[in-house]
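Here is a quick, friendly briefing to keep beside the viewer. Have a look at the fold, then follow the notes below.

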Amino acid sequence: MLYGFAPGGVERIAARLHAAWVDLGVRSEIVVADSRTPPPLALSYVTRAGNRSHSRGLIAFALLVLALRRRVRDDRPDAVFCAGNTYTSVAVILRLLVGPTCPPIITKISNCLVRNDMPPLLRWFYRAWLRLQGRWIDHFVGLAPAMRDEIAGLIGVQHDRISVIEDPALGADDLERLANLRDTSPRDRRGRHYLAVGRLAPQKNFSLLIDAFARFSTPDDQLTILGEGAERAMLEAKAWSLGIAGRVRLPGHVATTEAWLADADALVLSSDYEGVPAVLIEALAAGIPIVSTRCCVSMDDLLGHGAYGRIVPVGDPAALAEAMAVAVLPEPASVIAARRTAAAQYTVDRASVLYIALVRQLAEARSVDMSRETLAIYPAPVATAAR
């Protein structure tokens, strides 16, 4: 299930997986609480959980839980797939409501679990919540090999309950399109153009990015931050106070980052904590230079331990500025090619098959009939509902 198709990596990837499963002949349905925003691609088998749209809050939560319980009871699916940390509460409540007859629940860990940004008391409750997930959710999927130990340690599960399936941020056709668009885009301007993407929220730490940019940039350089959020006024004020307001752009949310990745000289991630950002995978496919904080345990794997981009400590504006300054220097064609090759791991074509294999494995372990005609996957945030 989904709260809706509002812009977000978890929702976009859930939609991609659902479409891929349907194309493969798998029975898969999505229930949304708020259908006012259209999905990012044409989808079949999408049902609204209630008679009215509720994008957030307790009503949306209750509608999604009840819809999922109803379909589990009526259709006896082979698995429930929870597509991100945002929806783990739905999965746990489902398990408690349905009890031992609940099908296996698979959860994709979409965000960093450490969360050192939280105050100590809140972090204690958060980690206790992670342990509860380990008790009630059957299997966890990390997005990079380094996530195995983090999931095992913080959620408290054995390694045989953890799989690694790279995040399906792209379709096979996206790889070629992103590379071709960048190769054919002129970048013969004066100065350097840095790009950042994400909600204007504290965890993204765009304040740090603006600080780093001010330390080394020249009057011809430019920083563009795509996204919208509560910190817009603060970020604009900071750029003014540093005397670089004319070189920092905040255009708001955009439907696609493809043209921006083709034009920019480097992508920069300044987050304090992060999952696997879809824009990073898109940047690999385009071949663009990347600078990132070590905002999650996966970052070294994602950037080939420095082969595909530069990684700096979290919260260090001087280190970030230094990496940004050198990231745009000429580099061999082999580095660009290596980034694009790495991006091929993150396609929905590859991940959809791996998820089906995982569901079969878990369902067979519970003696569930896994014929092609009866296989039912619910990409959770996905739950099924009457068509």
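A residue counts as buried when its relative accessible area is under 20%. Please keep in mind that this is a predicted model.

**Helix α1**
- By that cut-off, the buried residues of α1 are V10, E11, I13, A14, A15, L17, H18, A19, A20 and W21.
- The helix covers residues 9-23, and because 15 residues at 1.5 Å a residue should span 21 Å, the 21 Å between its end C-alpha atoms agrees with expectation.
- Just after α1 comes G25, with a positive phi of about 90 degrees.

**The sheet of 3 strands**
- This open sheet runs β1-β3-β4 with parallel pairing.
- At its edges stand β1 (2-4) and β4 (46-48); each has a single partner strand, so one side of each lacks a neighbour in the sheet.
- On average, neighbouring strands here are turned by 40 degrees against each other, direction ignored.
- Strand β3 (residues 30-34) is joined to β4 by 3 bridges, and V32 stands opposite R48 in β4.
- Helix α2 (residues 57-75) packs on this sheet, where it touches β1 and β3, and its direction makes about 160 degrees with that of β3.

**The sheet of 6 strands**
- The order in this open, parallel sheet is β11-β10-β9-β12-β13-β14.
- Its edge strands, β11 (248-252) and β14 (310-312), each pair on one side only.
- Neighbouring strands of this sheet are turned by 20 degrees against each other on average, direction ignored.
- Between β12 (residues 266-269) and β13 (residues 290-293) there are 3 bridges in the parallel sense, with L269 opposite S292 in β13.
- Helix α10 (residues 278-286) packs on the sheet and touches β9 (193-197), β12 and β13.

Definitions and conventions
Residues numbered from 1 in each chain as written. Predicted model: local features only at pLDDT ≥ 70, side-chain atom pairs only at ≥ 80, totals over all residues. Heavy atoms only, no water. Helix = DSSP H or I, 4+ residues; strand = E, 2+ residues; numbered from the N terminus. Expected span 1.5 Å × (residues − 1). Buried < 20%, exposed > 50% of the residue type's maximum accessible area, 1.4 Å probe, protein only. Pairing = 2+ DSSP bridges. Axes fitted to C-alpha atoms, helices over the stretch in contact; angles between N-to-C directions. Contact = heavy atoms within 4.5 Å.
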